[in-house]
Amino acid sequence: MTQAAGKPKPAFFIAVLVVIAALIGFAVMRCTKKKDPKTGAGSGSQKIDIKDIKDQAGAPTKLEMDDINAATTARDYVVDPSSKLPPVTGAADYKSIGKDRVVRFAINVWAGWAPIIYANEGMKAKKVWKDGKGGDFKIELILADNPIDMRNAFAAGEVHIGWATVDMLPLLVDGLKRDPRTMPRVFHQVDWSNGGDGIVVRDTIKSVSDLRGKKIVLAQNSPSHYFLLNALLNGGVQPDEVDMIFTKDAFQAARAYATQKDISACVSWAPDIYRIAEKLPGNRLLVTTLEANHLIADVWFARADFARDNPEIVEGIVRGILDSTEALKADPAKQQVAKWMSDGYSLPPDETLGMLADAHWTNYAENRDFFLNANNPTNFERTYNTAFLLYKAVGVVSDKTDFDQIMDASVIKKLGSDEKYSKSKNEYEVAFAPVAASGINVESTILTKTIVVQFFPNSSDLYKKVEKAGQSAPVLYDANVDFVIEEVAKVSKQYGAARILIEGHTDGSMRGQADSALVKQLSFDRANAVKQALINKFQLPANQFTVNGLGWDRPADPADPNNHAKNRRVEVKVVPAEGGQ
């Protein structure tokens with residue numbers, strides 16, 4: 001049988017296959033060359049040009065990588081965390097709410113409680129609230145500034161509802177989880193600290209890294225402690241590298257700092273942090289929750305037995321506080337609540353009015369994002385887990401209670417069917433104008449977080465897949481990439497009112513052989529890939545980020561420039577917004 005005219009013969013196909021196999025073999029050899037243990041360079045390395053970069057990263061090089069996991073930007077938990085709450089056994093063991101159904105609700109001296117004070121028309125149980133079924137109840141607000149005293153009253157059933165910042169919960173739960181009736185149930189976020197907490201330093205301290213070896217005064221196991229631990233570890237400083245001096249409360253910490261010149265920093269609250277920074281020469285604010293505006297979250301929690309017995313009251317409280325949050329947008333309402341706060345806090349009205357700016361009261365959309373959006377970098381789960389890990393690192397706690405054993409999002413989820421709440425929008429996002437790297441004042445950097453992503457040689461693809469021995473299918477070149485990106489996302493969102501400068505670096509193993517301009521471009525592409533992953537997966541604002549590629553120009557340790565493993569890195573700098581205008 002003769003072949004049709006014009007068709008290639010079998011010998012031709014064989015020759016083509018041989019050539020293709022040879023080319024594939026050559027490509028595999030280039031990708032799997034052993035690296036020199038000292039330089040990290042491949043044996044027999046050649047001068048790199050733009051063609052090599054395109055060939056190995058995929059043609060053409062992608063500067064904005066898609067997240068291969070295709071996560072949506074607002075993803076609800078697959079399983080509602082509320083369904084994992086432990087059962088409440090035994091008879092209720094709290095003070096009876098009586099015929100008038102008076103709920104005893106503990107608060108502290110803080111601007112965040114303005115919505116419930118306004119909704120309650122003061123501290124006393126006079127205003128009639130409506131529960132989820134239309135029934136009447138009242139609230140008596142109990143001032144309990146000391147968290148230990150508040151916890152003890154909660155455990156004894158003297159108060160039905162307690163206050164906390166989320167970072168305090170790992171400490172509080174540790175003492176309350178022994179009895180399922182006193183297990184806290186967190187239903188609602190009241191606010192984010194918005195300038196009410198901060199770190200004051202001497203003028204010689206320029207960034208968090210400068211705190212290494214210095215004395216820092218603060219209140220132990222408090223939001224101040226969490227603020228400091230978080231800043232230190234994000235800034236590359238271990239807690240045991242600083243000398244922490246603990247006081248009973250944040251106010252005493254401020255006084256100690258003002259009188260003892262050998263103390264280099266103080267973590268405290270408003271108004272003391274501003275008084276010290278503005279009125280005492282030689283001091284400055286390093287950072288406050290004006291920049292770290294998604295770091296410290298205030299919540300309230302009910303006893304598990306009370307929540308079991310009174311779900312309609314819990315719903316009524318959530319509704320009342322959310323409605324009050326909207327009402328407090330008007331100046332007359334702020335003037336009125338400042339007077340009620342003045343009476344309850346025993347402070348001058350002008351001072352309580354000034355306090356209101358220290359907190360951002362969270363609306364329904366922000367509560368939904370906090371409790372139900374699994375992709376939110378600073379949601380309840382991640383904020384709680386971060387606090388636990390920080391306190392575990394310093395030996396304060398050991399056994400962890402999972403977040404879904406205390407977070408009850410059932411009411412927030414239910415209110416999503418009510419248009420009054422579902423139509424609300426997140427109002428706590430900062431609008432950034434785009435700024436080039438040259439417009440960022442790196443001298444004002446608050447902290448620098450160094451991260452390491454194991455990029456495939458000459459590639460900027462975060463999610464590069466490769467063949468590995470023992471694997472039936474290609475796997476990620478860096479299996480830890482999602483963890484690393486999430487760590488950057490948390491820092492970026494925690495400091496949601498600050499600018500984030502992402503700087504890419506490469507090692508100098510090819511210095512003298514590779515084109516330095518192409519190396520800088522590669523480092524830029526890698527930093528940009530990190531930025532795009534943050535935007536795509538976590539819906540972070542693009543203009544908050546500025547990207548720069550520095551190639552091999554800035555080794556991690558100038559005294560050891562050939563430490564290539566250390567130099568292959570990305571640095572994330574947190575800069576005050578005014579440092580990048």
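Analyst: The buried residues of helix α6 are Pro-223, Ser-224, His-225, Tyr-226, Phe-227, Leu-228, Leu-229, Asn-230, Ala-231, Leu-232 and Asn-234. Buried means under 20% relative accessible area, exposed means over 50%, and partly exposed lies in between, with a 1.4 Å probe and protein chains only. This is a predicted model, in which local features need pLDDT of at least 70 and side-chain atom pairs count only at pLDDT 80 or more, while totals for chains, interfaces and linings use all residues. Residues are numbered from 1 along each chain as its sequence is written, and side-chain values use heavy atoms, with hydrogens and water left out.

Because eleven of its twelve residues are buried, α6 is largely enclosed by the rest of the structure. Helices (H or I, at least four residues) and strands (E, at least two) are DSSP runs, numbered from the N terminus. The length of α6 can be checked: at 1.5 Å a residue its twelve residues should span 16 Å, and the end C-alpha atoms are 16 Å apart, which agrees. The expected span is 1.5 Å times one less than the number of residues. After α6 comes Gly-236, with a positive phi near 80 degrees.

The chain reaches α6 from a strand. Strand β7 (residues 215-219) has four of its five residues buried, so β7 too is largely enclosed by the rest of the structure. From β7 the chain crosses through α6 (residues 223-234) to β8, and this β-α-β crossover is right-handed. Right-handed means that, with the strands pointing away from the viewer, the path from the first strand over the helix to the second runs clockwise.

β7 and β8 (residues 243-247) pair in the parallel sense over five bridges; two strands pair if DSSP finds at least two bridges between them. In this pairing Leu-218 stands opposite Phe-246 of β8. β7 also pairs in the parallel sense with strand β9 (residues 265-269), over two bridges, and there Val-217 stands opposite Cys-266.

Tyr-226 is among the contacts of Thr-383, along with Val-166, Leu-295, Phe-370 and Thr-378, when neighbours within four places in sequence are left aside. Contact means heavy atoms within 4.5 Å. Thr-383 sits in helix α14 (residues 380-393) and counts as buried because its relative accessibility is 5%.

α14 in turn packs with helix α5 (residues 169-176) at an angle of about 80 degrees, the axes being 9 Å apart. Axes are lines fitted to C-alpha atoms, for helices over the stretch in contact, and angles run from 0 to 180 degrees between N-to-C directions. α5 and α14 are therefore roughly perpendicular. Angles of 65 to 115 degrees count as such, those under 35 as roughly parallel, those over 145 as roughly antiparallel, and the rest as oblique. Where the two helices meet, Leu-169, Pro-170 and Leu-171 of α5 face Phe-380, Tyr-384, Ala-387, Phe-388 and Tyr-391 of α14.

For comparison, here is another covered helix. In α17, ten of the 14 residues are buried, among them Val-481, Val-484, Ile-485 and Val-488. Its 14 residues (481-494) should span 20 Å at 1.5 Å a residue, and the end C-alpha atoms are 20 Å apart, which agrees.

An open sheet of four strands has the order β13-β18-β16-β17, with mixed pairing. β13 and β17 (545-549) are the edge strands, each pairing on one side only. On average, neighbouring strands of this sheet are turned by 20 degrees against each other, direction ignored. α17 packs on the sheet and touches β13, β16, β17 and β18, its direction making about 170 degrees with that of β13. Within the sheet, β16 (residues 498-504) and β18 (residues 570-576) pair in the antiparallel sense over seven bridges, with Ile-500 opposite Val-574.

Val-452 lies in the loop between β13 (447-451) and β14 (465-466). With a relative accessible area of 38%, Val-452 is partly exposed. Beyond its neighbours within four places in sequence, Val-452 is in contact with Asp-478, Val-484 and Arg-568. Val-452 and Arg-568 are 116 residues apart in sequence, and their C-alpha atoms are 7.1 Å apart in space.
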